[in-house]
Amino acid sequence: MTNSSFVLPFCDPRCKAVSLSGGKGGSIATMLQEGLPVPAGFVITSAAFLAAVDEERLRDVCRVGDMAGARTIIAAARPPAAIVAEHYAVLNGPVAVRSSACAEDSEAASYAGQQETYLNVDGLPAVLGKIVECWLSFFTDRAVFYRAEKGSLQDIAMAVVVQQMIDSKKSGVLFTVDPVHGRKDRMVVEAAFGLGENVVDGEHTPDHYSLDRNGTIKRSHIVGKQVLDKTELKLLAALGHKLEKMHGCPQDIEWAFDQTGDLFLLQSRPITTI
């Protein structure tokens with residue numbers, strides 16, 4: 001694998017390959033290349049990770065369950081700084097640096113929350129540091145336990161997404177089926193003002209909307225000032241249909257409306273609870 005595969009912009013056809021870009025990176029690249037509204041960015045691929053570490057030694061320590069040894073190897077690794085700098089220079093302002101494990105987000109297992117995401121990262125040195133922290137997060141005790149249960153400890157490949165931050169006015173998640181009640185005739189939206197991490201991490205109680213397949217509200221729970229109007233909900237439902245058709249299964253989608261009212265898609269992964 002040449003270093004031309006170490007860093008790929010989302011528009012590169014190779015970026016759709018989960019083996020290079022991980023579940024998150026591959027999903028984002030697919031959405032962008034299908035013409036969906038995705039913030040600009042790039043992926044530091046699994047090839048770059050494996051080139052930055054002593055792969056044979058890393059596999060050996062993982063094989064015997066020495067995760068402290070694995071973290072020591074990775075902490076000493078360095079991303080391909082010159083290539084990252086070239087792609088980072090195209091972006092404007094703060095970025096999100098997001099883990100994207102190549103084992104993640106199948107129809108059988110969702111690795112959401114098992115690795116780290118860092119928001120509002122500013123400046124090349126900070127970005128390079130957060131890339132290494134994302135690599136390290138794949139080898140925490142929690143992540144290793146989950147991977148042992150759902151996948152394989154031989155899955156050591158790790159990619160990292162660097163993506164333009166959206167100045168979010170409203171954000172949240174969309175489930176293209178009801179994940180709690182298993183109803184395929186319903187979509188569920190959870191929404192809050194500000195960053196979507198507030199919803200995903202449970203930091204704020206979001207508005208909750210249950211929609212029919214056309215995006216019409218059937219039931220809602222509004223916490224304070226209503227976050228989304230009927231037009232925004234219908235737009236989310238329409239994009240949910242596109243993503244469900246594109247991936248061939250129900251989707252868990254992260255989204256954000258910016259300060260001008262434009263909608264951006266941040267992530268789409270299979271729902272594994274139904």
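**Close-up 1. Left-handed crossing of helices H3 and H4 in the predicted model**. H3 passes H4 in a left-handed crossing; a crossing is left-handed if the near helix is turned anticlockwise from the far one by less than a right angle, and right-handed if clockwise. Helix H3 spans residues 55-63 and helix H4 residues 67-75, and their axes lie 8 Å apart at an angle of about 160 degrees. Axes are lines fitted to C-alpha atoms, for helices over the stretch in contact, and angles between N-to-C directions run from 0 to 180 degrees. H3 and H4 are therefore roughly antiparallel to each other (angles under 35 degrees count as roughly parallel, over 145 as roughly antiparallel, 65 to 115 as roughly perpendicular and the rest as oblique). From H3, Arg57, Leu58, Val61 and Cys62 meet Met67, Gly69, Ala70, Ile73 and Ile74 of H4, where contact means heavy atoms within 4.5 Å. Seven nonpolar, one polar and one charged residues make up this contact of H3 with H4 (Ala, Val, Leu, Ile, Met, Phe, Trp, Tyr, Cys and Pro count as nonpolar, Asp, Glu, Lys and Arg as charged, and the others, Gly among them, as polar).

**Close-up 2. Contact between helices H5 and H6**. The axes of helix H5 (residues 81-88) and helix H6 (residues 124-137) come within 11 Å and cross at roughly 120 degrees, which means that H5 is oblique to H6. The crossing of these two helices, H5 and H6, is right-handed. H5 contributes Ala81, Val84, Ala85 and Tyr88 to the contact, and H6 contributes Leu124, Val127, Leu128 and Ile131. By class, the residues are eight nonpolar, no polar and no charged.

**Close-up 3. The five-stranded open sheet**. The strand order is S1-S2-S5-S3-S4, with antiparallel pairing; two strands pair if DSSP finds at least two bridges between them. Strand S1 (7-9) and strand S4 (117-121) are the edge strands, each pairing on one side only. On average, neighbouring strands of the sheet are turned by 20 degrees against each other, direction ignored. Strand S3 (residues 95-101) and S4 pair in the antiparallel sense over three bridges, and Val97 stands opposite Tyr118 in S4.

**Close-up 4. Helix H6 across the sheet strands**. H6 lies across strand S2 (41-44), S3, S4 and strand S5 (158-164), and runs at about 25 degrees to S3. Helices (H or I, at least four residues) and strands (E, at least two) are DSSP runs, numbered from the N terminus.

**Notes.** Residues are numbered from 1 along each chain as its sequence is written, and side-chain values use heavy atoms, with hydrogens and water left out. In this predicted model, local features need pLDDT of at least 70 and side-chain atom pairs count only at pLDDT 80 or more, whereas totals for chains, interfaces and linings use all residues.
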